[in-house]
Structures are given as structure tokens and as C-alpha cells.
Amino acid sequence: NEDISVCAEEQLPPSTKFWRPVTAGCITSNFGRRVDPMQGVYRTHAGMDIACRDMSAGKIYPIADGKVVLVNTVDRGGYGKYVVIQHKVNGQNYSSLYGHLQTIYVKENQIVSKDTNIAYMGSTGKSTGPHLHLNVCAGLNSCMYNTSNPRDYINFIIEQAIINNAKAQNSKIINSKHIDYFFLYKIYTKKNKFGIIIIIVV
């Protein structure tokens, strides 16, 4: 059971190389092929979208210590306002891009840590609503092309823990669309009128 209510301060499991970029949120669109919400056609989604039900949790942090190499404060293009950070993790170089930002708090060439609030979630650029678009790339680059699945680097496994817990209790998961939440506002179990234990995610 992983408490990430303060993910910028709490260390993730040892097998995790990177940190989550927000303290709360849900994954609304994964990396890979999907129907483009703006154009309605299948396209490759170069990163991961993370949204917050409560926008007070919209602070964004780097996925690892690093150096800010690009800050775009002009609301135009696909990513709108965005920041690119370069990292060195376990001797390897990586880059990360944070897009659709509302407010940016860092400058180019600034050194940042996992605790640095680099920006605030927004809906700039081509966006259907407030969220963070996160790209992760191997190497030192603009992180707009040849991107990797953020799940290959960042631990988003808490939803699987919910499923495993439900199976262990022979329970039924209600509102399964919420299983992609990697934070939990509230999880509790109770018996329904038929005596079946259910897990409710709210």
C-alpha cells in the first residue's frame, strides 16, 4: 500500500527510477495509439495525460532532479506553454516535457530537484481541459520526438493494488473507470443489501 499524498517528499519503492510529477491526479490518456480528441482520428499519443479532480492539486514537479533547458511561455502549438528538463539518472541521460501549463515558475538553465514546483497545470495549446501532458525520452533532447511510455520509468501501480485487493476479498469493483487513479481520495469497503462486499472508489 503506497501513500503518495506527498509524492514530492515521500520516496517511491526502490525499483522506481523516477517520481510522479503531481501529488494527486488521474491518468486520463495513456501513451500509444488513441483517437485524437481534437481531430477524431487515430494517432499516436506521444506521452501521458494526467488530470486532477481537485485543481488545488495542480502543482507540477520534475520527474527527477535536472536542469531546465527550454521554457515556452507562448500559448501556441500543440503543447501550449511547456517546460523541458534534462536529467541524469543512474548514469543515463533523459529528458522530460511538461505541456499545457497554465503558469510556469522556472527559467531556462535553472537547476531543479524533485521538490521544485516548476509549473501549474493548465489547458494551453491543443487541449480539451486542464491537465498535464508528460513526455519522457531517453537522451538529451527536446523530448518531442522518439518518446517513451512514462510507465516504463514512473511507478503508477496503485490501481493494480486496488484490483488485487478486490480479488483477494472476492469483491466487486464499483466505478471501474476510476481504477486508473494513481491517487485515492477515499477507498472503503462495505456490504450491499445482498451481503456482497464491494470496494468503492470516490
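Visitor: Which residues does Ile-60 touch, not counting residues up to four places away in sequence?

Guide: This is a predicted model, where local features need pLDDT of at least 70, side-chain atom pairs count only at pLDDT 80 or more, and totals for chains, interfaces and linings use all residues. Residues are numbered from 1 along each chain as its sequence is written, and side-chain values use heavy atoms, with hydrogens and water left out. Contact means heavy atoms within 4.5 Å. The partners of Ile-60 are Pro-21, Val-22, Tyr-98, Leu-101, Thr-116, Asn-117, Ile-118, Ala-119, Tyr-120, Met-121 and Leu-132.

Visitor: How many helices and strands are in the protein chain?

Guide: Both are DSSP runs, numbered from the N terminus: helices (H or I) have at least four residues, strands (E) at least two. The protein chain has one helix and 15 strands.

Visitor: What share of the 202 residues in the protein chain is buried?

Guide: Buried means under 20% relative accessible area, exposed over 50%, and partly exposed in between (1.4 Å probe, protein chains only). Of the 202 residues, the buried share is 48%.

Visitor: Among contacts between residues at least 6 apart in sequence, what share joins residues at least 24 apart?

Guide: The count starts with contacts in the protein chain between residues at least 6 apart in sequence. Of these, the share joining residues at least 24 apart is 56%.

Visitor: Which residues touch the most other members of the largest nonpolar core?

Guide: A nonpolar core is a set of buried Ala, Val, Leu, Ile, Met, Phe, Trp, Tyr and Cys residues joined through side-chain atoms within 4.5 Å. The largest one has 31 residues. Those touching the most other members are Phe-18, Ile-60, Val-83, Tyr-98, Leu-101 and Ile-118.

Visitor: Which strands each supply at least two residues of this core?

Guide: The strands come from several stretches of the chain, among them strand E4 (48–51) and strand E12 (132–138).

Visitor: Which residues does the second, separate core include?

Guide: This second core has seven residues. Included in it are Ala-46, Leu-97, Cys-137 and Cys-143.

Visitor: Which residues form one aromatic cluster?

Guide: Rings of Phe, Tyr and Trp (its six-membered ring) pair if their centres lie within 6.5 Å; planes under 30 degrees apart count as stacked, over 60 as edge-to-face and the rest as tilted. The structure holds four aromatic pairs, including Phe-18 with Tyr-153, edge-to-face at 5.4 Å centre to centre and 90 degrees between the planes. Phe-18 sits in the segment before strand E1 (26–29), while Tyr-153 is 135 residues away in the loop between E12 and helix H1 (158–168). The cluster consists of Phe-18, Tyr-94 and Tyr-153.

Visitor: How many residues apart in sequence are the parts tied together by Tyr-94 and Tyr-153?

Guide: Tyr-153 is buried at 15% relative accessible area. With Tyr-94 it forms an edge-to-face pair, 5.4 Å centre to centre and 75 degrees between the planes. Tyr-94 lies in E8 and Tyr-153 in the loop between E12 and H1, so the pair ties together parts whose separation in residues is 59.

Visitor: How far apart in space are Ala-64 and His-87?

Guide: Ala-64 lies in the loop between strand E5 (59–60) and strand E6 (66–72). Ala-64 is buried, at 5% relative accessible area. Beyond its neighbours within four places in sequence, Ala-64 contacts Phe-18, Trp-19, His-87 and Val-89. Ala-64 and His-87 are 23 residues apart in sequence, and their C-alpha to C-alpha distance is 6.5 Å.

Visitor: Which residue's side chain joins Ser-127 in a polar contact of 3.5 Å?

Guide: A polar contact is a pair of N or O atoms within 3.5 Å; within protein, one must be able to donate a hydrogen and the other to accept it, and residues adjacent in sequence count only if both atoms are side-chain atoms. Ser-127 is in the loop between E11 and E12, and is buried at 15%. A polar atom of its side chain lies 2.8 Å from the backbone oxygen of Gly-129. The side-chain partner at 3.5 Å is His-131.

Visitor: Is His-100 buried or exposed?

Guide: His-100 is found in the loop between E8 and E9. Its phi is near 65 degrees, a positive value in a residue other than glycine. At 5% relative accessibility, His-100 is buried.
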